[in-house]
Amino acid sequence: GINAEYGRVKLAMVQALLWPTLLILCDLVPSTRQHGDVEEMSGFNGCYKGEEGEFFWTTSGETLQMSISADMAEDEWVALAFSNDTLMGNDDVVAVYKNYTTHSFTAASLLDPGHYHSTIFQAVDSITESTVTYDQGRVHANISKNISISYPYTNLHHTPVYLFFGRGKIRTDRPSKPLHKHHQNPSCSPAPVALYLKTRSGECMSPTHLLFKVHGILMILVWLNLTPLLIFIARYGKDLFEVPSLWFTTHKWSGILAGLVVIIAIVLAWVAMGEIEFGLHQSLGWAILLILFVHVLFGLFRPSHEHRFRKVWEVIHRIAASLLFGFSVYNIIGGLEMIEASFGCYYGIGVQLAVHILIVIALENSETVGSYVRRSCQCFKCWPNIYYILNLETDASRRGIVKAGFVSLVLVNLIAGIAISVDVALAF
């Protein structure tokens, strides 16, 4: 009846007012970055952490200034390679090892000619200055490397390169060629690194950063793109689809798909971290997963319309949906702040939510809006088909307006989703 319809309109208005409030709260999300990394990186262009060690770098004119720190036994070497591809060989290498002739730790710049399991390395005189210290199984080297020399394999001046960390055993029986083959496949940076540019994020890059990127992009696509469409279908699906039961089928299976993608994204982040953490972002993520599980479970076992618990079920289902959307938007904003994403991401989310709110308000007050536009069309001689669509006396015209709102949401979500995902992919 009229009261029930008024209640639905009021609920939609409350949700519409909630969304911009979440956007306003984005500045209140506390930073969960590892401040130690940011302080340690002061003065450096960027940082890369592999399983074998850490590498900080900056460029000054023709000089690449780097700092290498790694766990290393006295009879081992640790090397950092600059490569044009994801394969070892034909690379510019900087190695740190113990020179058994002088019994001191040293750094050397080498060219690996591509013989993966040989000891053939050609020394290159490009290190202008180096300081190497070794203490209790950990080596630390500060190295200045001349990058103006023309190498046959890499160009560190203006070409992004992959970073490799490797280690192996020292051959004491051959002092002239002391570096034996590496123990295992070296760890590789997830993407080429422009050493001559300062990285945007204060976080260190690592081989697992690709997993973090996929995690963030999947969460953005699910919560900012798919979820609003699911809410739209749940509210207006009966007007959107000509087959009455199609809205429920679409809503159910899309919800299950969203749940599976969220689980995959959380597993990727878990693998990338290597352990379960309980910071603000992580804890809220686990809470979202728990609420999502309850929400999907309740959705699969919904009672019939005649069941006495149907009203209770509807209340729980709607509350869970509101919590999921609110918490997820809050957590996504927190994730964007963690990687120091550009302000364009926040503007994109703001525009996206604003369009959602306007469409909801228009649809919940469609008769008023339609009446106003019809009067305008009569004055300005609108295209006849537009006038017909806005004639709300028929179910077909109502369906036309809902379809227009749905198409608008899809287009806005597609543009914003692609833009924000690209920014996340390039952020770190």
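Leaving aside neighbours within four places in sequence, Trp223 is in contact (heavy atoms within 4.5 Å) with Pro228, Val262, Ile288, Leu292, Leu324, Phe325, Ser328 and Ile332. The model is predicted, so local features need pLDDT of at least 70 and side-chain atom pairs count only at pLDDT 80 or more, whereas totals for chains, interfaces and linings use all residues. Residues are numbered from 1 along each chain as its sequence is written, and side-chain values use heavy atoms, with hydrogens and water left out.

Trp223, Leu336 and Ile349 have the most contacts inside the largest nonpolar core, a set of 29 residues. A nonpolar core comprises buried Ala, Val, Leu, Ile, Met, Phe, Trp, Tyr and Cys residues joined through side-chain atoms within 4.5 Å; buried denotes under 20% relative accessible area, exposed over 50%, and partly exposed in between (1.4 Å probe, protein chains only). At least two residues of this core are supplied by each of helices H3 (209-240), H4 (246-273), H5, H6, H7 (343-364) and H10 (395-427), with H6 giving the most, 7 residues. Helices (H or I, at least four residues) and strands (E, at least two) are DSSP runs numbered from the N terminus. A second, separate core of 28 residues includes Val132, Leu156, Leu163 and Leu195.

Helix H5 (residues 280-300) has 21 residues, which should span 30 Å at 1.5 Å a residue, and its end C-alpha atoms are 30 Å apart, in agreement. The expected span is 1.5 Å times one less than the number of residues. Among the buried residues of H5 are Ile288 and Leu292. H5 also contributes 6 residues, the largest share, to a nonpolar patch. This surface patch consists of Leu290, Phe293, Val294, Leu297, Phe298, Leu300, Phe301, Phe309, Val312 and Ile316, with about 940 Å² of accessible area together. Patch residues have over 30% relative accessible area and no salt bridge, like charges being joined within 9 Å and nonpolar side chains (Val, Leu, Ile, Met, Phe, Trp, Tyr) within 5 Å. Val294, in helix H5, is partly exposed, with a relative accessible area of 34%.

The whole structure contains 7 salt bridges, each defined as a side-chain nitrogen of Lys or Arg within 4 Å of a carboxyl oxygen of Asp or Glu. One of them joins Lys98 and Glu74 (3.0 Å, N to O); Lys98 lies in strand S5 (residues 91-99) and Glu74 in the loop between strands S3 (63-71) and S4 (76-83), 24 residues apart. Lys98 counts as buried at 13% relative accessibility, whereas Glu74 is partly exposed at 39%. Asp92 pairs with Lys145, the closest N and O atoms being 3.3 Å apart, and both residues are buried.

Conventions: Accessible areas come from the Shrake-Rupley method with a 1.4 Å probe; for residues, only the protein chains shown count as cover.
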